[in-house]
Amino acid sequence: MVESTKNPEVVTTIQPAKLTLAEVQERLAGKRGKRFWQSLDELSEDPGFEQMVREEFPRQASEWTDGVSRRSFMKVMGASLALAGMTGCTKQPDEQIFPYVKAPEDLILGKPMYFATAMPFPTGAVPVLVKTDAFRPIKIDGNPEHPMSKGKTDVFSQASLLDLYDPDRSKRTVKRVGGESADSEYGDFAVAFQNAVKATGNGQGLWFLMDFNHSPTFAAQWKQLAAKYPAAKIVQYNPVYGDASKMPAAQYKLENADVILSLDADFLSSNAFPGFLPMAAAYAARHRYEEGKTMNRLYVVETMPSVTGFKAEHRLALKPSDVVAFANALNGGGAVPGEAQKFFSAVVADLKKAGAKAVVVAGPQSPASVQAAAMAMNTALGAVGSTVSYAAPAALENSADFKQLALAMDGGQVKVLAILCSNPVYSAPADFNFGINLAKVPFSVHLGQHLDETGVTASWHLPEAHYLESWSDTRAADGTISIIQPLIDPLYPGAVSSHHVVQVLLDNATATPRDLVQQTAKTYIAGDFATGWRKALHDGWVEGTTATAPAAAPAAPAVAAAAVPAGGIEINFKADSNTFDGRYANNGWLQEIPKQVTRLAWDNAALMSMETLKKIGAEETQLIEVTLNGRKLVIPPLMVAGHAPDSITIHLGSGRKFGRVAWGVGANAYELRTSDAPNYQGGATAKTVDTYYDLCVTQVHDLDHRGKFAQSDLEHPVDPNGSFSEPGHEAMERGIIRYATLEEFLKNPKFANEEEGEPENLNSTHTAMREVPDKETSFFPNAWDYGKIDKSTGLLQNKWGMAIDLNSCIGCSSCVASCYAENNIPVVGREQVKIGRKMDWIRIDTYFEGDLHAPKAHFQPMLCQHCENAGCELVCPVGATVHTPEGLNTMVYNRCVGTRYCSNNCPYKVRRFNFLLYSDYETESLKLMRNPDVSVRSRGVMEKCTYCVQRIQEAKITADKEGRAIRDGEIVTACQQACPTEAIIFGNLNDPNARVTKRKQDERSYAVLGDLNYRPRTSYVAGVINPNNELGEA
Amino acid sequence: MATKPHHDPALDPMIDPVTGELAVLAPGHTFKSVTQKIAGVVLTSHTPLGWFFGLIAAGGFVVMFIVSVTWLVLKGVGIWGVTMPGAWGFAIVNFVWWIGIGHAGTLISAILLLFKQGWRNSINRFAEAMTIFAVVCAGMFPVLHVGRPWLGYWLLPLPNTMNVWPQFRSPLAWDVFAVSTYATISVVFWYMGMVPDFGTLRDKAQHPLTKYIYGMLSLGWRGSTRHWMRFETASLLLAGLATPLVLSVHTVISFDFAVAALPGWHTTIFPPYFVAGAIYSGFAMVLTLAIPIRKFYHMEDFVTLRHLDNMAKVMLGTGLIVAYGYSSEVFFAWYSGSHWEFFMMWNRMFGPIGWGYWLLITFNIAIPLCTLWWRKARTNVTYLFIMSLIVNTGMWFERFVIVVTALYRDFLPSSWGTYKATRWDYMIFIGTLGLFTFLFLLFVRFAPMIPMNEIKMMLPGSAADGGKEGKTVAEEIA
């Protein structure tokens, strides 16, 4: 955090370049096109230039502090990296474009192809279907045929596309001898590695450290290696969950659950929770109100408000040690904290009532005692087998814990250390002193996609191939095996995978990962192998590999209740909803998409309740110094409504020291975190520091001095009931968010479209917020006639519309990430986001309701509503935004001169303006990523959601060719496709049987701001919650 | 205007002994003295040093303006504080403010001419110049403010092979016509009014080049009766054309806001209230210019306390209309029963930028309207000068409050934001003030700032003498 205000120091030990970027830029100024390339040749002969392009972190990184010049810096960086590829690898010839003399089979230029593969992830792979255009992956979506994910994705899998094209990816093998680093070749490494390992004899002192790996092929490779070097050890460690051996192997079946209790388990956020996709889908399906169906009820006990907590009917905020106490009480040990007693009794009664139809969910990173309590409670309820099943975690041969490795390193017993797909220098517990100890290891190798903190310390660094570039296999959270197939050659030659690194040590050292995967696949593909292999590649999963629930649940491990740490503030460590453990820190999309609940983009913060903030005596703009066991961290505080008292949540995954995006963003929580208490630790103190820093909170409260604003709201409540903040209050008042309890809904099914009772305070003496003007009262009632017959086809014309179910929306932001990828949305950077210029076409509006200490929150995806009577169209002086006969509100980018009047007259404020040149036109790798069907918008142009018009057009062309009407469900918008809970449905409103039409006929369907008579095509279905009457509403 | 003089008229030469009012022209002037005094400013070979200082200072700001505009075109409007939801900012505020200022000039030259207000004669020339320079400043903003200024011409209805036209339902398209018509009429009116005076300058000039230039500018003016007759007729015709513009231009500008559905913009009171506000601020600007120039060039004989008094009265009148506009906005926010309107007004007054509202109430209503009722205040030159600056500031803030407070907290609370101007916003605004001053200084040096011909008509012995005050030659002939 503080780093961001200073000039970032250069981490590499490479000497500073003799030539600066500015000089290069000067030399290149005014040279374009063909001459540009020629002049590069001339330039590349300059030894200073060669050195400059080798340098990973050019000195101009200091320009980062300024938003505007940072962009120019990024542009220059793009150019320099393009050159780096040129001088570093092979010399590129002058560019000439040839048509294919002999076209690859199946390739029709302009027609995308789809390939099934899977994204490996610590909690289990995400099966995906990747869209490629001319063999460039351009969009990642879920594999609809996969039994687990059913075509859904989370925010990480969507954004992993950008990781492939990340211009900061490591491009060369680097060898570091005595502090000097030099480029090397993979072959040199292989020889050096083999020699180093041979020197260990039976593998004594040979260690592997890697992230959780679910690859059967890797397991087979490791088995061979363990046989060859019996003393070799492997550590599977993920900074969020700890050692693989401690990772619980529970499978929840929420489709069977009537009552769910979550013990700090954020299972609606992302794949950071194992089995997120099926759980979210099942939760939402059971939470939708349908007649004759029992709605589920969710209780959440947690510290940091999460999307799961705010979806819950009843949420209890407890500090981390109290969550443990609560869990122990469930397990029959100890008492619950005083104020939680009522909640506790009600929950226990409700769980018991539901019996086998109840489930207690524990977080994968929760302390063992919480896991055990959940397991014991589930066993007692008879839920095992019904709503949850447990399997014994499988372990590799010669597994060890990270702590053992750390001790061995400290004792100098580690001779060879291979760090695969992991970044322990950054993320290891602070007490391991990993970075210092790593330097003591005589031979260390780091395989990673970035030359990151570990990469610049290890004696060798190997560029890792992205999963879209490599062969492997993996298991999803439900155990189903997917083959990972490459969709593109490695962008940077020399990129290898962990299969390569292990294979080097085995007998058949040159076997390719493809051979290895095929070899292993023979063990799990039944029947004829050639057919089965093709089918597995085509389908994206292997039949018959899904884990079956064991007949009997393993006994709940007996775990002594963790000692409650004494006094002070408790620090709660959590995976970041966007950067996860830090691996996505250099992903611009994920940095820019606001984090769940806090709506904080870029940066992380010390999240705490208003009381804790007051106790520390800080304001939101003032940095605080958190001290925990003598370790200090300077970080900006941020008030989060509903955070548990006397505790501070700090998200992991920020404060990285590499990369053009990640550098200087946030504070590194790993600096506080020790191996004995990875989840939370008490006894911390915090004090203010005399430095000020503005966080970039994007929604609801992005006002100057937000802290003061919220504080004054708290002291002078607008609403006698203690409503939280003016914006939240207004959202209710204006009927933007409408919901009812099940009881109220049954009493009055039309609640969403009726005025509420007598308003009590001054602000609401004014009414008619929910009254939609009658179409017939307009001067132009026929302006909205979409019932015409299309002359060319003789069919009833299409009328596009969208319906969003607020009951199902879990606020996970998958739709936002999907929209970024589909629509070439630029990343604008922290400074621009801070002043309100983020470019997202769809956003998750979060509104808080009620008491600041125990608020409710509502999530509402907000995108262009495609109003029939659109205000934007009326006021554009050049007709750059117009209506199509099918009711789309379209933007003609070419025609837009940028008066921004349309945005002013848009009540939903969903239009986005290119205030500066936001799209990156220079970075070569990003050019490959763009969706060719969507324009890249230039400076000075307005843009907004198009309902994915490119997908509509594609479907129309297909239907036209086949001489039929478009089928319902044939067009899926990017947001709809990504949504794990089917909250978003798009379709033709003129089709009476379309799902969207049916949803719009729901009596709870309402238009946001309908009273303005803009006649939006997007409507929302009001939420229904199912609270427990014993605890009252909320 | 038959107010009682508050001191003995016999002692004060500036009091008309017959009517007891302040004189429009100091006694004792002859044709020659008028020509000498006014043409002397232009034809002198001893340009006052102060003028050079002023020009250099203003020129510095012009340079700053050019630099900021260049950067703006290179980088984009993102260098300004405009953002979402406040997509309009200083540029639109400045545009409306400058256009408003121009209105006083047109009112003085057109409407007061038709209403035969003779006192306008001595101030109409530089008021018109002010109009033109204000329109120059205003006219740049709509172009600079768009995202792609080089395509700004797409707002014009230019025939093209693509058959793409402006979207005529948009008030911004109406603006193009309103402002361009206004600029054209104002320039023609201004220039035509100067033709007889250019003739005088040509005749008086010593240097051949000066003679040649003013000769060209005077378009062959010989001062024949026929010339005068046509001149007067054309003046009346142009006044007739310009009169509706005084009302229409700011009405159309107000549509930019009134047509939008935004609470705080969507108001039927806007047209009259904008016009009144325009005249209010315009007269304030005339005072801001007249008072120092009158002093610097010793023009107290021609721009007398009578003028200042009358202008202050116009301000009092238009200020009251503006005050009525403010109060009706507040009243209807309550009476409409619309939550949107009510919240907007509440937020405008007490929200985070509430200070802007109270500042404009203080500057536009409280200070001027409480003091201008007193003749003593209206004839106190220093007070009027300070007051004119206050009203100019207040009227700028009025536009700021309208543009910003309606935008930054609108319908969906999730999109609420704030507006913060950047240094580029300030530099461009101050730059136009510099440009305005620069152009005005050139004007006072190279063109007759007070119409000699019209002053002379008021002198004893002129064609108009013997008739009523302010009677024109054309009327005399008729």
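The following paragraphs describe a predicted model of two protein chains, from whole chains down to single residues.

Residues are numbered from 1 along each chain as its sequence is written, while chains are lettered from A and ligands numbered from 1 in the order in which they are written. Because the model is predicted, local features need pLDDT of at least 70 and side-chain atom pairs count only at pLDDT 80 or more, whereas totals for chains, interfaces and linings use all residues.

Chain A contains 31 helices and 39 strands. Here helices (H or I, at least four residues) and strands (E, at least two) are DSSP runs, numbered from the N terminus. Of its 1034 residues, 58% count as buried. A residue is buried if 20 or more other C-beta atoms lie within 10 Å of its own, exposed if 12 or fewer, and partly exposed in between, the C-beta atoms being placed from the backbone. Among contacts in chain A with a separation of 6 or more, 74% link residues 24 or more positions apart. Two residues are in contact if their C-beta atoms, placed from the backbone, lie within 7 Å.

The domain assignment divides chain A into domain 1 (2–88), domain 2 (113–164), domain 3 (250–390), domain 4 (569–697) and domain 5 (739–1025); such bounds come from an automatic or database domain assignment. The C-alpha centres of domain 3 and domain 5 of chain A are 34 Å apart. Their contact draws 16 residues from domain 3 of chain A and 15 residues from domain 5 of chain A. On the domain 3 side, helix H8 (276–287) and helix H9 (307–311) of chain A each supply at least two residues. H8(A) gives the most to that side, with 5 residues. By class, the side of domain 3 of chain A that touches domain 5 of chain A has 10 nonpolar, 3 polar and 3 charged residues. In this classification Ala, Val, Leu, Ile, Met, Phe, Trp, Tyr, Cys and Pro count as nonpolar, Asp, Glu, Lys and Arg as charged, and the others, Gly among them, as polar.

Several local features of chain A also deserve attention. Helix H24 (residues 814–822) of chain A is mostly covered, with 9 of its 9 residues buried. Among these buried residues are A:Ser814, A:Cys819, A:Tyr820 and A:Glu822. Just after H24(A), A:Asn824 adopts a positive phi of about 50°. A:Phe580, although not a glycine, has a positive phi of about 55°. A:Phe580 lies in the loop between strand S21 (569–574) and helix H19 (588–592) of chain A, and this residue is buried, with 25 other C-beta atoms within 10 Å. A:Glu982, likewise a residue other than glycine, has a positive phi near 55°. The loop that holds A:Glu982 runs between helix H30 (974–978) and strand S36 (984–988) of chain A. With 18 C-beta neighbours inside 10 Å, A:Glu982 counts as partly exposed.

Chain B is built with 16 helices and 0 strands. Its radius of gyration is 23 Å, close to the 23 Å that the globule rule gives for 478 residues, so chain B is as compact as a globular protein of that length. The radius is taken over C-alpha atoms, and the rule is 2.2 Å times the number of residues to the power 0.38. Along its principal axes, the C-alpha trace of chain B spans about 75 × 55 × 45 Å. Buried residues make up 50% of the 478 residues in chain B. Of the contacts in chain B between residues at least 6 apart in sequence, 78% join residues at least 24 apart.

Within chain B, the axes of helix H4 (residues 124–145) and helix H14 (residues 423–446) come within 10 Å and cross at roughly 145°. Axes are lines fitted to C-alpha atoms, for helices over the stretch in contact, and angles run from 0 to 180 degrees between N-to-C directions. The residues in this contact include B:Phe133 and B:Cys137 of H4(B), together with B:Leu435 and B:Phe440 of H14(B). By class, the contact of H4(B) with H14(B) has 11 nonpolar, 1 polar and no charged residues. Elsewhere in chain B, the peptide bond from B:Met84 to B:Pro85 is cis, with omega near 5°. B:Pro85 is found in the loop between helix H2 (49–75) and helix H3 (90–114) of chain B.

Finally, the two chains meet in a contact that takes 45 residues from chain B and 50 residues from chain A. Helix H5 (171–204) and helix H10 (339–350) of chain B each supply at least two residues of the side of chain B that touches chain A. The residues on that side of chain B divide into 27 nonpolar, 14 polar and 4 charged.
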